[in-house]
Amino acid sequence: MSHRMLPTVVVLMVAVALAACGADQDAPPAAAPAPTVSGPPADPAPPNAATAPTGAASPAAPGEAATGSAVPPSSPRPAPTGADRTTERRPPSPPPVELPPRQAGEPTGREVVAAFRSAGLKAANVRDRSVDCGPDGLGLGCSELVVTDNVAVYVFPDESSAGDLAERWSGAAYRSGTVVLNYLEAPTPPADRPRYEKVLDKLR
């Protein structure tokens, strides 16, 4: 190579070097390799799970309001005191049965029984059952009813009422004025009945 060609060769080498440097600056930088993550892969979302929107609030648990704050359970009401309780009203009791009055001058049922005992006749276990004379009982309309284990003594307010009952119990009763002796509830031997009836007749 002659000395005349050296400048030309040098110029060409400089131009090639400059061109190479310009090409390296225009090329995009190579992307960095992705880092490798070690460990088991993440579990995929269940196929049936609904995708909740971003920012949606989770459903409120029991005892919590919509805002998420806990609501205290309501406390039981205290039992009412004596002042708070209303007075229980009971239905009025029925009025006592008013029996028709006994006719003046006529013996009472107990007076008849006492006369039987004074005459030596049996009249044990004396019981006052005058309540049966009213409408809640037998409804016989009598004024008094005294029963013994041997005979029952009915006292009526008048002779008409006494006669009606004596006819109803025909063969098992005896009437003297307003008093009727009944032998049905306390069976008296037929042989003793005339003795009771005689004592009753003397009381009038």
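How many bridges join E1 to E2, and in which direction do these strands run? Two bridges join E1 to E2, and the strands run antiparallel. The model is a predicted one: local features require pLDDT of at least 70, side-chain atom pairs count only at pLDDT 80 or more, and totals for chains, interfaces and linings use all residues. Residues are numbered from 1 along each chain as its sequence is written, and side-chain values use heavy atoms, with hydrogens and water left out.

Helices (H or I, at least four residues) and strands (E, at least two) are DSSP runs, numbered from the N terminus. Two strands count as paired if DSSP finds at least two bridges between them. Five strands form an open sheet in the order E1-E2-E3-E5-E4, with antiparallel pairing. E1 and E4 stand at the edges. Each has a single partner strand, so one side of each lacks a neighbour in the sheet. Strands of a sheet pair through backbone hydrogen bonds, either parallel or antiparallel. The bridge partner of arginine 127 in E2 is valine 147.

Helix H3 (residues 159–168) packs on the sheet and touches E4 and E5. Contact means heavy atoms within 4.5 Å. The direction of H3 makes about 165° with that of E4. H4 also packs on the sheet, touching E4 and E5. The direction of H4 makes about 15° with that of E4. Axes are lines fitted to C-alpha atoms, for helices over the stretch in contact, and angles run from 0 to 180 degrees between N-to-C directions.

Burial follows relative accessible area: buried is under 20%, exposed is over 50%, and partly exposed lies in between (1.4 Å probe, protein chains only). In H4, Tyr196, Glu197, Val199 and Leu200 are buried. Down the axis of H4, these buried residues fall within an arc of 160°, so they line one face of the helix. The arc is that of the directions from the helix axis to the C-beta atoms. On the other side of H4, Lys198 and Lys202 are exposed. An α-helix has 3.6 residues a turn, so residues three or four places apart point the same way. The buried residues of H4 pack against H2, strand E4 (173–176) and E5.

A nonpolar core is a set of buried Ala, Val, Leu, Ile, Met, Phe, Trp, Tyr and Cys residues joined through side-chain atoms within 4.5 Å. The largest such core has 16 residues. Val112, Phe116, Val151, Val153, Val179, Leu181 and Tyr196 touch the most other members. Helix H2 (109–118), strand E3 (152–155), strand E5 (179–182) and helix H4 (193–202) each give two or more residues to this core. H2 gives the most, with four residues. Another core lies apart from it, with twelve residues, among them Cys133, Leu145, Val147 and Ala152.

Leucine 181 has contacts that include Val112, Phe116, Tyr196 and Leu200, with residues up to four places away in sequence not counted. Ala173 is also a contact of leucine 181. Alanine 173 is found in strand E4 and is partly exposed, at 22% relative accessibility. Alanine 173 and alanine 152 are 21 residues apart in sequence and 9.4 Å apart in space, C-alpha to C-alpha.

The whole structure holds four salt bridges. A salt bridge is a side-chain nitrogen of Lys or Arg within 4 Å of a carboxyl oxygen of Asp or Glu. Glutamate 144 forms one with arginine 102, the closest N and O atoms being 3.6 Å apart. This pair links distant parts of the chain, 42 residues apart: glutamate 144 is in strand E2 (residues 144–147), and arginine 102 is in the loop between helix H1 (6–26) and H2. Arginine 102 is partly exposed, at 34% relative accessibility.

Arginine 127 forms a salt bridge with aspartate 149, the closest N and O atoms being 3.2 Å apart. Arginine 127 lies in strand E1 (residues 127–128) and aspartate 149 in the loop between E2 and E3, so the pair ties together parts 22 residues apart in sequence. Arginine 127 is partly exposed at 28% relative accessibility, and aspartate 149 is partly exposed at 41%. Arginine 129 and aspartate 132 also meet in a salt bridge (3.0 Å, N to O). Here arginine 129 is partly exposed at 26% relative accessibility, whereas aspartate 132 is buried at 17%.
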